[in-house]
Every structure is written in structure tokens, then in C-alpha cells.
Amino acid sequence: MNPDLSVRIGNLVLPNPVGVASGTFGYGSEYESLMDVDALGALYTKAVTPEPRPGNEVPRIVETPSGMLNSIGLANPGLEAFVRDKLPELRRRRCPVLVNVAGASEDDYLRVLERLEPEDGISGYEINVSCPNVSHGGLAFGTDPALVERLTARLKRSLRSARPLIVKLSPNVTDIAEIARAAESGGADAVSCINTLVGMVIDVDRRRPRLARGTGGLSGPAIRPVGVACAFRVSRAVAIPVVGIGGILEARDALEYLLAGARAVQVGTGNFRDPGTAARVLEGIRDWMVRNGASRMEDIPGMLDA
Amino acid sequence: MRRFDTPVLENRELSRDYRRIEVEWPGDAGTPAPGAFLTVGVSGTTDPLLRRPFAFSGYDPREGRAAFIFQIRGPATRLLSERRPGTVLDVLGPLGSGFPDPAPGSLPVLVGGGIGLGPLVFAAREFRLRAAAGGWEAPVLVLGFRTADQVPALDLPEGSVLCTDDGSAGFRGTAVEAAERAAAGGRYGPDAPPVFYACGPAPMMAALDRRAASLGASYWAAVEQWMACGVGACLGCAVRLKDGSFARACAEGPVFDGTSIDWGAM
């Protein structure tokens with residue numbers, strides 16, 4: 001039996017459940033010679049903001065026990081340069097391309113969506129209301145259910161296409177399920193979780209933070225149990241699909257998310273360690289499904305004994 | 001660029017602090033160049049998690065061998081120091097830009113500070129081999145260390161200059177002072193303008209920037225920065241340029257026009 005690995009999100013059908021997370025895969029071409037980018041279930045781009053952003057001061061990254069902190073600061077060439085320089089190569093992709101959208105105000109998000117709507121080669125949008133590394137916007141939206149619902153509703157209304165809207169949630173909140181429900185009420189087609197956890201490392205010899213900005217976002221296997229718990233709680237709070245993210249290096253890690261209730265996953269920090277991670281994870285999910293008698297992705301959540 | 005598992009051929013202590021690993025490097029994996037680098041997966045567990053970048057210190061295409069020099073600084077390099085010949089290493093490369101060739105008629109002055117020596121030792125060999133064909137002078141290699149016990153057991157090209165901060169080996173003084181003497185003195189006059197190549201600590205790189213400016217010399221700098229992906233995707237390894245913008249050490253670099261880097265921000 002060959003399991004059906006496809007996943008439906010809104011009107012979009014992903015060929016398989018394993019995507020690569022925004023900010024860890026550039027625009028795809030960076031990994032071209034190292035793996036089959038077109039075989040991905042989904043490619044989530046680096047965040048696009050209306051204006052170019054140079055990003056934060058350096059150092060921007062530091063390794064932590066089984067993880068890393070980053071403080072990139074949504075560095076990107078801006079909306080117009082994205083359309084001009086990045087979109088043409090993304091259009092040639094045979095995998096679904098989801099553009100990650102960020103901004104400092106509601107109007108920023110709207111501006112990016114309205115500009116991208118008439119452009120070909122985009123399968124959907126991931127709305128980043130959870131970046132911990134910028135002073136305005138980002139996490140400021142993602143921690144307030146009223147703001148999340150209003151932003152989601154405004155963006156959803158502005159869409160002319162049938163492209164799905166995925167809201168990317170932050171774990172840096174008291175109740176992630178409440179934020180997920182707000183996104184669903186606003187009309188989100190799915191939610192992805194989790195973005196990074198706020199963290200800090202201090203160099204005790206120099207008596208200063210290791211990151212120039214002080215704090216950063218923690219990712220990697222260290223946060224996996226947090227991500228799995230979030231996926232578990234969120235998938236029970238909303239009816240829309242959940243995309244699980246956080247510390248996936250192996251198929252077993254992804255299967256934790258899928259059993260917890262996620263319909264698909266994203267590999268993030270794992271790409272840095274091994275560019276072949278997404279392909280290996282997908283292969284392992286397929287094998288597990290065959291061994292455990294799951295014929296479709298929707299079968300997996302119900303197989304959890306909890 | 002490729003990721004592959006390849007046998008370790010040698011893992012040798014060069015001095016108190018430094019080691020050199022040589023691996024099999026198949027011809028179809030791309031050509032390692034001086035200044036370019038590879039990343040190494042150091043553990044099968046999640047800690048350390050990330051790959052570690054190292055500049056190539058040599059490549060022998062005939063024998064199919066590539067080498068890098070590293071310093072034991074933390075758990076990842078400690079693990080690497082314990083890798084035995086015959087075991088396989090997870091490598092990804094070659095990555096990044098290499099050093100440009102010296103201009104015809106110029107004198108290449110190669111300056112390595114501490115663990116920055118690897119790419120300069122590699123460049124010195126290459127530039128020496130190709131000096132006649134390229135029309136540049138035989139290169140001068142200057143290596144600076146804190147103390148004599150750091151000085152690596154390596155076959156250095158003829159005419160190499162060693163210096164230590166405390167004078168315990170070679171000249172007493174900094175590599176920059178020694179490089180400046182090499183650039184200014186003897187046969188090196190206006191007919192053979194110096195071109196600096198360097199890798200080392202930020203204060204040394206900044207001092208060379210000032211020297212290059214005062215001499216009107218070209219300056220090619222290989223930078224060191226923390227890296228996550230190594231392939232240009234994560235933007236973690238940014239370096240600040242003097243014009244206020246950022247560039248990726250792994251993709252635009254690691255070799256930059258040294259006069260364009262904001263060394264104060266490194």
C-alpha cells in the first residue's frame with residue numbers, strides 16, 4: 001500500500017507534509033545543488049516586508065544546548081526587489097511556494113499581499129505575527145488575540161485569489177490556543193506553530209550578551225517538546241489545519257507533531273545541520289505510515305493514544 | 001558544492017593549540033581554493049547541533065586530499081580533535097569566494113594571525129607555484145602567534161616570516177609590523193607594489209586596513225563569523241561594511257576587499 005501523502009490547506013493541496021520553514025531556506029536557490037528543492041511539500045520564503053530591511057547588528061546567532069538563538073531581524077530586500085529578483089526563480093519551482101509576510105503595521109501586511117496577489121507563482125501566504133527580533137510589529141501582533149483576528153480578517157478580505165492564508169503563531173504567549181482561535185475567527189485557512197522562543201545567552205567573561213541585540217529566537221531540538229505541546233493544544237482548539245514547526249531533525253520528530261494533531265510540518269534549523277533533512281523526514285513518515293497502516297495524512301492524529 | 005561523507009586521512013597536532021585534519025576530496029566534489037571553506041558535521045547527537053566552518057589550508061588534486069587547520073576551542077572542536085583516521089567525516093563544500101590572484105608585477109604579502117593561518121599557508125603555496133605564469137613576485141608569508149608553543153609544525157615556504165608577541169619564536173612583534181617591513185623593505189619598492197592577503201583577529205585586520213590605505217595597497221581579507229547554514233540562506237553570518245550595509249560571510253565572502261569591512265563592528 002502506498003500512502004497518500006497529500007495535505008489540503010484551504011484550496012491548496014500540498015504534495016506531501018514536509019515543508020521548509022521561513023528564514024531557514026532563503027528563497028530556495030541557496031540549496032539547489034544540495035537537494036531536490038522541487039520535491040519539497042512546501043517552500044516557505046524568507047519574510048517579505050514592504051521596505052528593504054538590512055537586519056540586526058552582528059553577532060546574530062549563537063549556538064545553545066541542542067539549539068540556536070538567532071536575531072536576524074527580518075533582513076530582506078523588500079517587496080519590490082522580491083517581486084523583481086526572487087519571484088522569477090520561485091515561479092519556476094515545481095513545489096508549492098508560500099510567501100512569508102511581515103510588517104510593522106497592519107497596512108504593511110496588506111501592502112505586501114495586495115502587491116503579490118496579481119503575481120503568478122505563489123501558492124499561499126504565511127502571515128508572520130510572531131517574529132521576536134524586531135521592535136515594531138511581529139510579535140506585538142501575535143500576542144493579542146483581538147489584533148490577530150482583526151489583521152487576519154482584513155488580509156483575508158483583501159485576497160482576490162483562492163490562495164490560503166496561514167497564520168504563524170508565537171509560543172511567547174500565555175495561551176497559544178486563544179491566539180489560534182482568533183486567527184480561525186478571522187478566517188485563517190491554517191495556523192503554523194511554533195515560531196522561536198525568546199532566549200538569551202550571556203558571555204560571562206565579557207559580561208555581555210552573546211547576541212548584539214541581547215535576546216534572540218531559540219530554535220532546534222531544544223524547543224521540540226514545546227512545539228509538540230503547542231500543536232497538540234492548538235489542534236484541539238481549532239478546526240483548521242495545524243502546521244507543526246520546531247526542532248524536527250528526523251521523521252520520528254515530525255511524527256510527534258503529526259500524532260499531536262498537526263496536518264503538516266516544517267523543517268527549520270534542521271536544514272542548517274543537514275540539507276537532506278526534509279527528504280529524509282518525508283521518507284521516514286512514509287515508512288511509518290506503511291508500518292502502522294495509515295493510508296492518508298488525516299489518519300495519523302487519530303492514532304494517538306492520549 | 002556537495003555534502004558527502006569522506007574518510008579522514010590524517011588528524012595531527014600541529015602545536016599546543018592547533019590541529020590539522022586531512023580528508024579524501026574526490027575530484028567531482030568541486031575544487032577547494034585558498035580562502036574558500038567547508039563545513040563539517042561534528043556530532044551524531046544534537047549537541048553540538050550546527051556544522052562548523054573551516055577554511056581550507058591545502059588541496060592536492062592529484063592525490064585527492066584536502067586539509068583544514070583548527071583550534072580546540074569548545075566541545076565541537078574537541079570532538080573533531082578525537083576523530084581517527086579511517087573514520088568518515090560529514091563535509092559540505094567547497095563554499096564561499098576564494099582569494100583573487102595578485103595583479104601582475106605585484107608583491108603578495110600574506111598575513112596570518114593565530115588560527116587564521118590556514119588559508120594563507122594555502123595561498124602562499126598556490127601563489128608561489130603560479131608566480132612565473134601569473135607575473136607576480138614570489139609571495140611573502142607572515143605568520144603571527146602569541147607564543148612559541150602556538151607555532152605549528154608545518155613545512156612553510158622559503159622566505160616565510162614568523163613572529164610572536166613575546167619574542168619566544170621568530171621576530172618579537174606583531175604580524176602587521178612584520179608585514180609592513182616585508183612590504184616596504186629590500187627588493188620591494190615602487191616597482192613591486194604590495195597586495196595584502198590576511199586572515200586573523202579583528203584588531204590585526206583593522207591595522208592592516210590602515211596600512212593598506214597608507215601604502216595605497218590592495219587588501220584581500222578572509223573574515224571569520226559565526227555561521228548556521230553556510231550556504232547563504234540564514235543571514236546569520238552577516239558582516240558590517242563601511243557603507244553601513246551587511247554582506248554574508250558565507251556567500252559574498254569569506255574573502256572581501258578588506259578596505260570595505262567595518263572592522264570595528266567585528
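**Exercise 1.** Determine which element gives the most to the lining of the second largest pocket.

*Solution.* In this predicted model, β14(B) gives the most, with three residues; strands are DSSP runs of E of at least two residues, helices runs of H or I of at least four, numbered from the N terminus. Local features need pLDDT of at least 70, side-chain atom pairs count only at pLDDT 80 or more, and totals for chains, interfaces and linings use all residues. Next, the elements that give two or more residues to this lining are α1 of chain A together with β14 (246-248) of chain B. The residues closest to the pocket centre, out of 20 in the lining, are A:Ala75, A:Asn76, A:Pro77, B:Leu235 and B:Arg248. Finally, the lining comprises nine nonpolar, three polar and eight charged residues (Ala, Val, Leu, Ile, Met, Phe, Trp, Tyr, Cys and Pro count as nonpolar, Asp, Glu, Lys and Arg as charged, and the others, Gly among them, as polar).

**Exercise 2.** Describe how α1(A) and α2(A) pack.

*Solution.* Residues are numbered from 1 along each chain as its sequence is written, and chains are lettered from A in the order in which they are written. Helix α1 (residues 79-91) of chain A packs against helix α2 (residues 106-116) of chain A at an angle of about 30°, with the axes 10 Å apart. The two helices are therefore roughly parallel, a term for angles under 35 degrees. For the contact (heavy atoms within 4.5 Å), A:Leu79, A:Glu80, A:Phe82 and A:Val83 of α1(A) meet A:Arg111, A:Val112, A:Arg115 and A:Leu116 of α2(A). By class, this contact has five nonpolar, no polar and three charged residues.

Note on methods: Side-chain values use heavy atoms; hydrogens and water are left out. Axes are lines fitted to C-alpha atoms, for helices over the stretch in contact, and angles run from 0 to 180 degrees between N-to-C directions. Angles under 35 degrees count as roughly parallel, over 145 as roughly antiparallel, 65 to 115 as roughly perpendicular and the rest as oblique. On a 1 Å grid over the protein atoms alone, a cavity is a set of points where a 1.4 Å probe fits but cannot get out, and a pocket is an open set with protein on both sides within 12 Å along at least five of seven lines; lining residues have an atom within 4 Å of a point.
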